[in-house]
Each structure stands twice: as C-alpha cells, then as structure tokens.
Amino acid sequence: MNGVANLSLNADSRVGTIAFIDLKAQQRRIRQAVEKRLQAVLDHGRYIAGPEIEELEEKLAERTGAAAAVSCASGTAALIIPLLAEGLDTGDAVFIPAFTYNATANAVLLTGATPVFVDIDPATFNMDADDLERRIGEVRAEGKLRPRAVIPVDLFGSPADYTRFETIAEREDLFLLSDGAQSFGGRLNGRWVGDLAPATATSFFPGKAFGAYGDAGAVFAHDKAMVDHWASIRWHGTDNARKDSIRVGFNGRMDTFQAAVLLEKLEIFDDELAARHEIADVYSRRLSNIGRPQTHITGAQSGYGYYSLCVKNRDAVVSKVSAMGVPTAIYYAKPLHKMDAFAAFAPEGGLAQTERTADEIFALPMHPYLTPAQVDYICDAVEAAVS
Ligand SMILES: Cc1ncc(COP(=O)(O)O)c(C=O)c1O
C-alpha cells in the first residue's frame, strides 16, 4: 500500500496526466497540415469520391504491398463487402474467434451466414488453428452447415498465423478473410497486414493506430479483380458508370474528408509505429515476469493497436492502477458467445481459453505520445498493483 501512495505522489511531478489513447497530442503535431488538406476538399467540393479517395487507395496498396485497396465507410463495411462478394448463403458456416469485437460476428450474420466460434491460442490471443480444424471437422460431420469462410482476427495488432490458415483454407476450400481492423502496421515474415491474406479488412476508427477523424475502413486484396467487385458493392452494386445495378450492394463509401485526414496521417505513421514498438518493448521487458503479455508468432511484429496482458487478479490490479492514475481498458471482458446477440451460436462446452483470457486480460495505455517517464510509471504501477 505504501508503494501505491508513493507512486501517486510521483505521478504529479514526473508524469502528468496519462491518456489511454492521445489523439489530441497527435492532432497538435499535424493540425496545420490537416487543415490544409481539409481546405483543399472544401475548395474542390467533391465530398464523395473526391481525388483524395483514389490517392489514398493507391497509397494504401503501395504501403501494404497489396495488389489493390478499396476504401470504405468503416471496418464493419470492410468485412461485409468481401463476404457479400463471396455470395454467402444461409446454410454457410463462417469460422471466427469469439474473442474479438462484435463487428466480426455481426458482419457474418448480416450476410445471412452462420458464425461458428473457434477458441484462441492462450499465448497469442488469436484464433487457434488446431481448434479451427477440429470445428471444421465437426461442422462437416454434423452436415447441417457448409464450411465456407474463415476470419482470423489480428487481435490488438498481432498478425494471426496466416501460413497455417492459408493451408487450412486451401485444403478445406474456404474463403480466407483477415480481420485486420486492429493491425494496420503489423507485419508477418516481412509482409505487411493487407498482404497477408487474399482479402484483408481494416478499420480507420479514430482510436485505431491509423485512424481517421470519423468512421472509415478499407479492404485489401491479392487479386485486383476482387477489388473491382468490392468497389461496386460499396457503391450500391452499380456498374462502372454507376447507373445500372448489376448486383446487390449498399452505401459503403468513405467520404473525402476522411481520406484527406488519412493521407496526412500516413506521413507520420512510420514514426508513430516506431514509437509504439519502443513503448511495447519496455512494457514487455518490465512486465513479462509479473503478467502474461500477448506473445506474437515467430516472424510477426504487431501494429500495437493495443497492448494487453493477463494477470490472475485482474479486477483488483485494474482498480489499483487506476487509483494510481493509469487508465486501462478491458478487451474483452465478455466473449461473443456469451453475449445475447450471439449466444445461439455458443459451442457446447464453451471455449475454455477464450473464457479464461476474458477473465484475466486488460490493456495498458498505448499511443505514440507516451513519454519514457510515463511508460516507466505505468510499469511501476502495474508492478506495485500485482505484488
Ligand atoms: C476486430 C475488429 N473488427 C471489426 C471492427 C469494426 O470496425 P469499425 O468500428 O470501423 O466498423 C473493429 C472495431 O473496433 C474491430 O476491433
């Protein structure tokens, strides 16, 4: 308890107020440049499909190594668009983790397909490939649903095991869609998120590591032909002239202002990503012995959208560190199969690793503008709270 009191005293002089995510500090850095970009949009007046949209799509593809990218209205739209393009049907099974944001399951259900929940690997917190194989086998044996797609999620920014998932998807004839909503800037074996799966959805929600000033997202593809199909779905399913409806679609567009903001933020993204890595390195070095931080598969570098770790007495630790001025969040206290909207799809016997992790996990502040003193203080606070 003494340790806790001393830390609080130190907090005022040494570290100031700690933000969980600090968009204000980032805005101060780029404010003038963003204003110039927004002014340009006001001047040309093409609020939808302005030139910034195409420029952003080209830059996103170039940056990630994907063959092409389609901008869209949100990370949720980025999941729905490729699933609609696959023509999913009511009898189709789509395998997803239950330890993710609800959007992953909503996207599946909105296309009419059925989510089949898969357990996670307790070290990476990402979908467990062995459990996926088991559940595909169960679905085939039961014969009620047809396995059609799998959506691994790169939780907190850490790329899932795409080498393994690609092999399974090819063997089982499944569409592999990566939910990279949290992992823009992540890498696996030298390749960026966006180029790790045939299709990747990402979110530019403001709080994400690469975020807009409103809702926005993108879908990346290995195959350029897929992208034309997606671009049509995102624009009410129209043809190139945008007059005739050639398929079912919806308004899934990103607006030009968001593209303008993202173009400016792309200029500082590498620098911000490096800062995230430095912070994560300190957290991992200091906290690996007192908690169980997320680990990354060999060859993977996280985009560090979030930094999460597991501790046995999570709720007590969270309340102690928050009393010391350290903001935290819990992603996710309730797995999807325990939520009313998705409980009908809960697997018999539950999901042991998912449920244990949900009880133990919490997230520390993670943004590029944390000072070294703040990062040290956060580690001191967790250490004091756990002991
Ligand atoms: C894993 C995951 N998938 C999908 C989404 C949906 O993204 P959006 O909020 O941009 O629709 C999110 C957003 O937080 C997410 O974390």
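The dialogue below sets values against definitions.

Tutor: This is a predicted model, in which local features need pLDDT of at least 70 and side-chain atom pairs count only at pLDDT 80 or more, while totals for chains, interfaces and linings use all residues. Residues are numbered from 1 along each chain as its sequence is written, and side-chain values use heavy atoms, with hydrogens and water left out.

Student: Why is Ser71 called buried?

Tutor: Buried means under 20% relative accessible area, exposed over 50%, and partly exposed in between, with a 1.4 Å probe and protein chains only. Ser71 has a relative accessible area of 1%, and therefore it is buried. Ser71 lies in strand E1; helices (H or I, at least four residues) and strands (E, at least two) are DSSP runs, numbered from the N terminus.

Student: Which residues are in contact with Ser71, leaving aside its neighbours within four places in sequence?

Tutor: Contact means heavy atoms within 4.5 Å. With those neighbours left aside, Ser71 is in contact with Ile53, Glu57, Gly217, Ala218, Arg234 and Met254.

Student: Why does Glu172 count as buried?

Tutor: The relative accessibility of Glu172 is 17%, so Glu172 counts as buried. Glu172 has its place in helix H7. Beyond its neighbours within four places in sequence, Glu172 is in contact with Ile136 and Arg140.

Student: What makes the pair of side chains of Glu172 and Arg171 a polar contact?

Tutor: A polar contact is a pair of N or O atoms within 3.5 Å; within protein, one must be able to donate a hydrogen and the other to accept it, and residues adjacent in sequence count only if both atoms are side-chain atoms. The side chains of Glu172 and Arg171 make such a contact at 3.3 Å.

Student: Why is Asp173 called exposed?

Tutor: Asp173 has a relative accessible area of 65%, and therefore Asp173 is exposed. Asp173 is found in the loop between H7 and E5, and has a positive phi of about 60° although it is not a glycine.

Student: What of Asn189, and where is its place?

Tutor: Asn189 has its place in the loop between E6 and E7. Its relative accessible area is 53%, so Asn189 is exposed. Asn189 also has a positive phi, of about 45°, although it is not a glycine.

Student: How do you know that E6 and E7 are joined, and in which sense do they run?

Tutor: Two strands pair if DSSP finds at least two bridges between them. Strand E6 (residues 187-188) is joined to E7 by 2 bridges, and the two run antiparallel. Arg187 has Trp192 in E7 as its bridge partner. These strands belong to an open sheet of 3 strands in the order E7-E6-E11, with antiparallel pairing. Strand E7 (191-192) and strand E11 (300-301) each have a single partner strand, so one side of each is left without a neighbour in the sheet.

Student: In what order do the 7 strands of the other open sheet stand?

Tutor: Their order is E1-E9-E8-E5-E4-E2-E3, and the pairing is mixed. Strand E1 (68-72) and strand E3 (114-118) stand at the edges because each has a single partner strand.

Student: How do you know that E5 and E8 pair, and in which sense?

Tutor: Strand E5 (residues 175-179) and strand E8 (residues 199-203) pair in the parallel sense over 3 bridges. Ser178 has Thr200 in E8 as its bridge partner.

Student: How many bridges are there between E12 and E13?

Tutor: Strand E12 (residues 307-310) and E13 pair in the antiparallel sense over 4 bridges. Leu309 stands opposite Phe362 in E13.

Student: Which residues come nearest to the ligand?

Tutor: A residue is near a molecule or strand if one of its heavy atoms lies within 4 Å of it. Of the 14 residues around the ligand, Gly75, Thr76, Asp179, Ser203 and Lys208 come nearest. An oxygen atom of the ligand is 2.5 Å from a polar side-chain atom of Thr76. A side-chain N or O atom of Ser203 lies 2.7 Å from a ligand oxygen atom.

Student: Which helix supplies the largest share of the shell around the ligand?

Tutor: The largest share, 3 residues, comes from H4. Helix H4 (75-85) and helix H5 (102-110) each supply at least two residues of that shell.
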